[in-house]
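Please open the structure in a viewer and keep the selection tool at hand.

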Amino acid sequence: MRRPVAVRLSAGLATMALAAVAGVVVAMPQASASAAATTGSATGYATQNGGTTGGAGGRTVRAATGTEIHAALCGRASSSTPIVIEVEGTINHANTAKVSGGSCNTADGVIELKQISNVTLVGVGGGAVFDQLGIHIREARNIIIQNVTVRNVKKSGSPVSNGGDAIGMESGVRNVWVDHVTLEASGGESEGYDGLFDMKDNTQYVTLSYSVLRNSGRGGLVGSSETELSNGFITYHHNLYENIDSRAPLLRGGVAHMYDNHYLRLNESGINSRAGARAKVDNNYFEDSKDVLGTFYTDAAGYWQVSGNTFDNVTWSAPGTDYNPAGPDVRSTTTVSIPYGYSLDPASCVPGVVSRTAGAGKGLLVSDGSCTPQTPAPTATATTPAPTPTSPTPVPTSTATPPTGTNLSIGAGSDGSSKADGTSYGNVRDGDLGTYWSPAGSTGSISIKWGSPVSVAALTIREAAGSAGTIRTWRVRNADTGAVLASGTGAGAVTFPRTSLSKVTFEITGSTGTPKVAEFETYAG
């Protein structure tokens, strides 16, 4: 089936979106009612938490510069209006400038997907290459990036972009599908490069599929430190990791699923599960590599469940106090339950399948477990924007009885998505209604955590003086598993079935302004 292509008309015919870009008036790329160029549907953890549909159901526009990508985002009716942006050509620093508008928050020298939702960015035609220019996803949800190349993004030297990450995600990001992309560097940190695919600061429900990551010191990470453990629910499948020194990926806490990947020349270490992370590692092909799985460079152990993998010319180091390779006798150290369906290719055919399907410009071919690449069905065009996912059985706060007993939050720990200046995560557990935490925008998340599991059956969210009623919609999650415990409207008391957990998260999904959470109280019920 031939896919329709949106045509970018001249400024005289297009609807004009005026934006201040270095003193220049930018014409908004012409919107079209044509179907999206994306093919297939999200897989892995990106199918959870309500699913990932990107800009399905929205307008399709064509962009040939980074500035035009920003203009397309800024020309929407709101920051959540669905849009598909088809990109063709080379995007670089010279053609990427900040564009202003009420539905965007962009910047010079980077493709900025910040405080937005329901967006698809897809390479079309002769291809899309982001040259020395990274893609930054922050405080965003329901994003698809497909069929693009991002290369040689640097954090030092010149030019610099995105902290040296080819694709980086942070601050409360949810539901991202990155598919059929090529991410490349030309060296390691000493040459000015950082990670190819990094996630931190409460990023969850992400899938990287049918992609190539090569020639980098660092493949990618999940979590920026041993105490930053709010990330997880990540799937990596049918990817090629080639000539990577380490971090393929580095997991700090959380759950990840790696299946049917080809790891070729991992020079120092590979999948680094640490700080309580749990990795399910199925039917991968590890070749000409060293220490491809384990806990490395720390004594904070992580865990893995292994099945069906092939180790072809893999060498293993001796274990040490802060170095614990899984091999040579690779065995499972945990069990991981996967909530979605998937079809495994046998590891023996993974190199062949991945070589024919992974990366940009491969025709978006996929595999269904038969070792035979094929073209997926075109994505159905939605007629309405993707709804914000909610629990199937929301618990209304208006009828919940305020809990009594000991507030378990006092003396516990806390973290969350990015915070507004002058606020602190610790303010929600200090017993002082005069202090508070606020997210950097109108939505965000705040968590209470303990060193070992506790039983929680109720909580109370208390807004700061003068901000009562600002919080409109929310979800409560078991941060250990990602399960939604309750959802509803308005702050106050929340009850749910008693649950044993080590971390509980309150996600603000809608508000009338900047929320101010004075206290996040937790109770055993």
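Begin by selecting C349 and C371: the link between them is left-handed, with -75 degrees about the S-S bond. This model is a predicted one. The sulfur atoms of C349 and C371 are 2.0 Å apart, and the two residues form a disulfide. Are the two partners buried or exposed? C349 has a relative accessible area of 15% and is therefore buried, because the limit for that class is under 20%. C371, with a relative accessible area of 26%, is partly exposed.

Next, select C74 and C104. A disulfide joins these two residues, with a distance of 1.9 Å from S to S. C74 is part of helix α1 (residues 66–74), while C104 is in the loop between β4 (83–91) and β5 (111–114), so this pair ties together parts that are 30 residues apart in sequence. The torsion about the S-S bond of C74 and C104 is about 100 degrees, so this disulfide is right-handed. Both C74 and C104 are buried. How many disulfides does a search of the whole structure find? It finds two. With bonded cysteines counted along the chain, the disulfides follow the pattern 1-2, 3-4.

Among the buried residues of α1 are G66, E68, H70 and C74.

The following stop is I338, which is found in the loop between β28 and α2. Its relative accessibility is 16%, so I338 counts as buried. I338 and Y45 are 293 residues apart along the chain, yet their C-alpha atoms are separated by 8.7 Å.

Y45 leads on to the aromatic rings. Select Y45, Y205, F233, Y259, Y340 and Y342 together: ring pairs link these residues into a cluster. The count of aromatic pairs comes to 14. For another ring, select Y193 with K154. The charged end of K154 sits over the ring of Y193, at 5.4 Å from the ring centre.

Turn now to the backbone, starting with two prolines. Select S158 and P159: the peptide bond from S158 to P159 is cis, with omega near -5 degrees. P159 is placed in the loop between β9 (149–151) and β10 (167–170). Then select G327 and P328, which are joined by a cis peptide bond with omega of about 10 degrees. P328 is in the loop between β28 and α2, and I338 also has its place in the loop between β28 and α2.

Two asparagines come next. Select N175, in strand β11 (residues 174–179). N175 is not a glycine, but it has a positive phi of about 60 degrees. With a relative accessible area of 2%, N175 is buried. Then select N313, in strand β27 (residues 310–315). Phi of N313 is near 55 degrees, a positive value in a residue other than glycine. Is N313 buried or exposed? At 51% relative accessibility, N313 counts as exposed, because that class begins at values over 50%.

To find it, select L229, G254, D480, S502 and K503, which lie nearest its centre among the 25 residues of its lining. Which elements give two or more residues to the lining of this pocket? They are β17 (232–237), β30 (444–463) and β33 (493–511). Of the elements, β30 gives the most to the lining of the second largest pocket, with five residues. The volume of the second largest pocket is about 450 Å³. Colouring the lining by class shows six nonpolar, 14 polar and five charged residues.

Notes:
Residues numbered from 1 in each chain as written. Predicted model: local features only at pLDDT ≥ 70, side-chain atom pairs only at ≥ 80, totals over all residues. Heavy atoms only, no water. 1 Å grid on protein atoms, 1.4 Å probe; cavity = no way out; pocket = protein on both sides within 12 Å on 5 of 7 lines; lining within 4 Å. Points joined across faces, edges and corners; volume = space filled by probe spheres on them. Helix = DSSP H or I, 4+ residues; strand = E, 2+ residues; numbered from the N terminus. Nonpolar A, V, L, I, M, F, W, Y, C, P; charged D, E, K, R; others polar. Disulfide = S-S within 2.5 Å. Buried < 20%, exposed > 50% of the residue type's maximum accessible area, 1.4 Å probe, protein only. Phe/Tyr/Trp six-rings, centres within 6.5 Å; stacked < 30°, edge-to-face > 60°. Lys NZ or Arg CZ within 6 Å of the ring centre and 35° of its normal.
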